Every structure is written in C-alpha cells, then in structure tokens.
Amino acid sequence: MSIDNKLDKPTNPRRPGAIRLGKFRSGRALGIAMVLVGALILTLVSGYYAYSASARSQLDDLNFVVEQPLQPQTPRVQPSQAHPPQPQRPPQAVSSGAQPPATTASLRSDISPASSGVVSSGVVAAKPVSAISPSQPVQQTGTANQEASARPQSSYTALYPATLIHPKFWAQPLWSGGEPYVYSPNDTGTGLPDGFRLVSPLDDALPRGSGARTTRISIPLIDVDSGIKELVILNLGDSRAYETPKHLVGHIPQSPNPGEIGNAWYFGHLESPIRGEGNVFQRLPEIPDLLRDGDDVFVELESDDGRVFLYRTTRTEVMHQDELELYGADTAQLSLVACVPRLVYDHRIVVTAELVGIKDVPTTVN
C-alpha cells in the first residue's frame with residue numbers, strides 16, 4: 001500500500017458503537033434533567049398544598065368579637081332610706097329557721113359594673129358580693145368614682161393605675177407616646193379621637209339616601225388611607241360580578257353611604273402579585289390581634305359634604321368565599337372585606353364596625 005493511500009484514510013474513524021454510546025449518554029442526561037424538574041415541581045406543589053392547609057388551619061384566629069361593656073347603673077334607693085331613721089331596737093336572737101334582716105350595706109352603691117359582673121358571649125355572670133358587717137360604714141360614691149366606673153369594663157384603665165400607658169407599652173413606657181387612636185391623655189370620657197362628637201348608631205343615624213357619597217377611608221392603626229371608588233357590575237356572560245378595584249377601596253353603591261342606617265360594604269385587595277392591582281387591605285388581618293390587645297380600631301369615612309364619620313370595630317369573622325353574602329343591619333355600620341389567606345385567597349375576612357362619632361364641617365366666622 002502506498003504512502004498516499006494511508007494518508008487519505010482517517011486516523012481515528014468513528015465506530016458505530018461509539019455513536020450509540022453518545023446517544024445513550026445524551027438521553028440519560030435528558031432523563032435525569034426531566035426527573036429533577038419533575039421532582040422540583042412535585043416539591044413545590046406539595047409545599048403549596050402543605051402551606052395552604054396550614055394557613056387555613058390558622059384562619060380561626062381571625063375570628064373575634066369585642067365584648068360590649070356594661071353600662072353603669074344608678075343605685076336604687078331602698079324604701080327605708082326614704083323615711084327618717086327609726087330608733088334602733090335592741091338586738092334580738094334569730095332562730096335557726098328565720099333569715100336575718102337584709103342590710104342596706106349589702107347593696108353598695110360604689111361597686112362598679114366591672115366588679116359586679118363579667119360579660120362573656122353576651123351573658124352577664126354576676127359575682128357574689130362579699131359580706132359586709134352591719135357595723136362597717138357604707139362607702140359613699142363620689143363624682144370621681146362614678147366617672148371612673150363609666151369606662152368600659154374591658155378597659156385596661158380599670159386594671160392598672162398607669163392610665164396613660166397602653167398595656168402593650170408597659171415593658172417600654174418611654175416608647176408609649178400617647179396616640180389618640182390608642183389612648184388619649186386628654187380623654188373626655190367618650191373614648192373618641194379629638195374633634196368627634198359621640199353619636200348613637202341607631203338614634204343619630206341618617207335615613208337611607210340622605211347622606212353624601214364616600215370619598216376617602218382611613219384606618220390609622222393599620223396605616224390605611226385610600227380613596228373610594230363606586231363599583232360597577234361586570235357582565236361575565238353566564239354570571240355577573242362586581243369589578244375589582246385597583247389600588248383603591250371599592251364601595252358597593254347599593255349599600256348605605258357614610259352615616260346612613262344599614263350596613264355599608266367596602267372591598268379591597270389583600271395583595272395582587274400577578275395582576276398588580278394593589279394591596280390596600282394588606283394589614284386588615286392584623287385587626288383581630290389589635291382588638292385582643294385592647295385597642296379601639298377606628299375607621300373614618302369622609303363624605304362629599306366634608307363630614308367625617310367615625311366607626312369603631314366590633315367584630316371580625318372569616319368565611320369561605322362561597323358563603324359570603326351581602327347583608328343589611330338595623331344600625332349604622334360598615335363591613336370591610338379582603339381575601340385571605342395569603343397565596344390562597346379562597347376565604348374572606350369581614351371586619352364589622354359601628355358608627356360612634358361624627359366630625360362636623362367647621363363653620364367659618366365672618
């Protein structure tokens with residue numbers, strides 16, 4: 001064989017077995033990659049379902065009802081106190097079958113509702129009054145004691161003398177401040193922020209249709225300050241639904257305006273990571289914990305006519321999205337709604353508040 005023929009032949013010819021081995025290795029690498037991707041997807045899906053189950057199991061913590069305080073009662077005057085005192089008779093022995101005469105000392109007028117009963121789920125459980133010896137003088141109730149007992153029994157001021165400091169700041173009182181929406185040192189007894197007058201949600205509520213439209217809503221304790229949009233109904237073909245407000249709080253126009261009797265409905269996003277429609281109610285689930293801490297969570301609604309209506313939160317509740325229905329009320333109140341829990345959004349938190357105050361439009365003096 002000539003030298004030229006040897007040079008024309010490839011020095012390292014590919015064998016058929018080497019080609020098959022290369023295809024096998026590339027297919028094996030692709031298979032391993034697909035298995036890893038599948039395992040990652042399975043892990044993510046399993047983790048999401050585990051998170052969903054855990055998040056749903058904690059939704060009960062968002063249910064809370066504020067205990068309504070007992071109203072101070074005027075002490076009754078015994079018939080014997082309306083007549084001049086009778087001369088005392090010498091003590092007589094009381095037989096075992098007879099009951100000793102009742103003494104007016106057992107009905108002390110200085111016992112506040114906080115010490116005479118406990119409110120739990122709407123039931124008042126009376127506590128027994130300690131026995132008082134007839135020889136002990138009956139303490140008289142002064143004006144200061146009456147004003148002190150007029151505070152709600154759930155107020156921390158009845159439990160601790162540091163009335164200017166909220167319990168959450170007892171460990172660090174220098175940071176307590178004196179926020180008007182937590183506790184105001186200049187409290188006049190109404191428990192409302194400065195500038196608001198106390199009103200009744202029933203007697204002082206406006207008739208339906210007589211109030212102005214809402215322009216703004218604010219919840220100072222959770223840093224909510226948003227404009228209001230009147231929602232319209234969208235036609236989805238086989239169904240209809242209210243539109244979703246973007247970066248705003250939406251008001252159901254068929255529900256009452258601020259201050260009107262009935263239940264006004266307001267909707268907002270907890271978060272919207274995909275559509276980017278805002279998270280105006282992101283901190284709404286914090287309200288139950290604030291109520292447990294003893295905070296008064298106020299909601300302000302500003303209307304077109306310049307008046308501001310103040311609502312105090314009374315309860316929070318969670319329900320499945322299919323169970324949510326709009327309902328009315330016999331008093332002036334509102335309901336705030338957001339989706340929960342995060343990344344699941346199949347339940348709704350409903351925060352209910354009742355009208356307690358009004359800030360009138362300031363009058364100008366010429």
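Tyr-49 is exposed, because its relative accessible area is 58% (buried means under 20% relative accessible area, exposed over 50%, and partly exposed in between, with a 1.4 Å probe and protein chains only). Tyr-48 has a relative accessible area of 37%, so this residue counts as partly exposed. The model is a predicted one, in which local features need pLDDT of at least 70 and side-chain atom pairs count only at pLDDT 80 or more, while totals for chains, interfaces and linings use all residues. Residues are numbered from 1 along each chain as its sequence is written, and side-chain values use heavy atoms, with hydrogens and water left out.

A search of the whole structure finds three aromatic pairs (rings of Phe, Tyr and Trp, the last by its six-membered ring, pair if their centres lie within 6.5 Å; planes under 30 degrees apart count as stacked, over 60 as edge-to-face and the rest as tilted). One of them joins Tyr-48 and Tyr-49 edge-to-face, with 6.0 Å from centre to centre and 75° between the planes. Another is formed by Trp-265 and Tyr-327, whose ring centres are 5.0 Å apart and whose planes stand at 85°, so this pair is edge-to-face. Trp-265 lies in strand S10 (residues 262-267) and Tyr-327 in the loop between strand S12 (308-320) and S13, so the pair ties together parts that are 62 residues apart in sequence. Helices (H or I, at least four residues) and strands (E, at least two) are DSSP runs, numbered from the N terminus. Trp-265 is buried because its relative accessibility is 1%, whereas Tyr-327, at 30%, is partly exposed. Together with Phe-267, these two residues form one aromatic cluster.

With a relative accessible area of 9%, Gln-333 is buried.

Ile-41 is found in helix H2 (residues 16-57) and counts as partly exposed because its relative accessibility is 47%.

Charged side chains come next. The count comes to 13 salt bridges (a salt bridge is a side-chain nitrogen of Lys or Arg within 4 Å of a carboxyl oxygen of Asp or Glu). In one of them, the closest N and O atoms of Glu-243 and Lys-229 are 3.4 Å apart. Glu-243 lies in the loop between S8 and S9 and Lys-229 in strand S6 (residues 224-230), so this bridge ties together parts that are 14 residues apart in sequence. Glu-243 is buried at 16% relative accessibility, while Lys-229 is partly exposed at 35%. Asp-296 and Arg-312 form another salt bridge, with their closest N and O atoms 3.7 Å apart. Asp-223, Arg-283 and Glu-286 are linked in a network of salt bridges.

The backbone holds some details worth a look. Most residues other than glycine have a negative phi, and most peptide bonds are trans. Here, a cis peptide bond joins Val-340 and Pro-341, with omega at about -10°. Pro-341 sits in the loop between strand S13 (332-340) and strand S14 (347-359). Tyr-345 lies in the loop between S13 and S14 and has a positive phi of about 65°. His-247 has a positive phi too, near 60°, and counts as exposed at 53% relative accessibility.

For the chain as a whole, there are five helices and 14 strands, and 30% of the 366 residues count as buried. The mean pLDDT is 73, and 59% of the residues reach 70 or more (pLDDT is the predictor's confidence in each residue, from 0 to 100). Over residues 70-85 the pLDDT is below 50, and this stretch has 14 contacts in the model beyond near neighbours in sequence.

Terms used. Contact = heavy atoms within 4.5 Å.
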